[in-house]
Amino acid sequence: MNFYFYWYYIIHGFYFAYIRDFHFDILAIGLFSIIVSFLVFGLVSLTFIAFGIQELLFRNPIIIVSGAVGIQLINLLLFQPKRRTDMLMLKFRQNQSLTKDILAIILTIMSFVTCILVAILNNEK
C-alpha cells in the first residue's frame, strides 16, 4: 500500500470516528481531496511566490478551481469502488504503524499551514 492510500485511510478513520453520516464515504473522500488540494496548491503557490510570478497563478481562479476539481475526481475514482475500498482498508489495518500515522498527521497539518502561509504572503504584495 502506497502512502497516498495510507494517508486517505488515516483521514477516513478520523472522519468515521467523529461523523456518523449515511454518505460518510463520499464526505471522507471530499475532506481528503480538500486536504490534498491545500497541500498541492500551497506548495505550487509557495514556489510561484518564491520566483515572484504569483500573478500567473492568482490572476484567473479557473486554474485553481480546475485543479481542485481534478483532484476530487481522481480521488473519487481511486476510493469510491466499495469492493476495492474494503480490500484496501483490510490492507491498511494490517500495515498500520505509528511512524506512518505521525507522518500522515504531519502532512495534514502541513497542508493547512502552507495554505495559510500562501494567503498571508499573497496579501503582502
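Predicted model: local features only at pLDDT ≥ 70, side-chain atom pairs only at ≥ 80, totals over all residues.
The buried set in α6 runs through D101, A104, L107, T108, S111, T114, V118 and N122. As for the helix itself, α6 counts 26 residues and stretches 38 Å from its first C-alpha to its last, close to the 38 Å expected at 1.5 Å a residue.

The meeting of α6 with α1 can be spelled out residue by residue. Helix α1 (residues 3–18) packs on helix α6 (residues 98–123) at an angle of about 80 degrees, and their axes sit 10 Å apart. Angles of 65 to 115 degrees count as roughly perpendicular, and α1 and α6 therefore fall into that class. On the α1 side the contact is made by F3, Y6, W7, I10 and I11, and on the α6 side by K100, D101, L103, A104, L107 and T108. Sorted by class, this contact holds eight nonpolar residues, one polar residue and two charged ones.

H12 is another residue of helix α1. Its relative accessibility is 7%, under the 20% cut-off, so H12 counts as buried. Leaving aside residues up to four places away in sequence, H12 touches F24, D25, A28 and M89.

Stepping back to the whole chain, the secondary structure comes to six helices and zero strands, which reads along the sequence as α-α-α-α-α-α. The C-alpha trace spans about 50 × 30 × 25 Å along its principal axes. Of the 125 residues in the protein, 32% count as buried. Contacts between residues 24 or more positions apart make up 75% of those with a separation of 6 or more.

How values were computed. Residues numbered from 1 in each chain as written. Heavy atoms only, no water. Axes fitted to C-alpha atoms, helices over the stretch in contact; angles between N-to-C directions. Helix = DSSP H or I, 4+ residues; strand = E, 2+ residues; numbered from the N terminus. Parallel < 35°, antiparallel > 145°, perpendicular 65-115°, else oblique. Contact = heavy atoms within 4.5 Å. Nonpolar A, V, L, I, M, F, W, Y, C, P; charged D, E, K, R; others polar. Expected span 1.5 Å × (residues − 1). Buried < 20%, exposed > 50% of the residue type's maximum accessible area, 1.4 Å probe, protein only.
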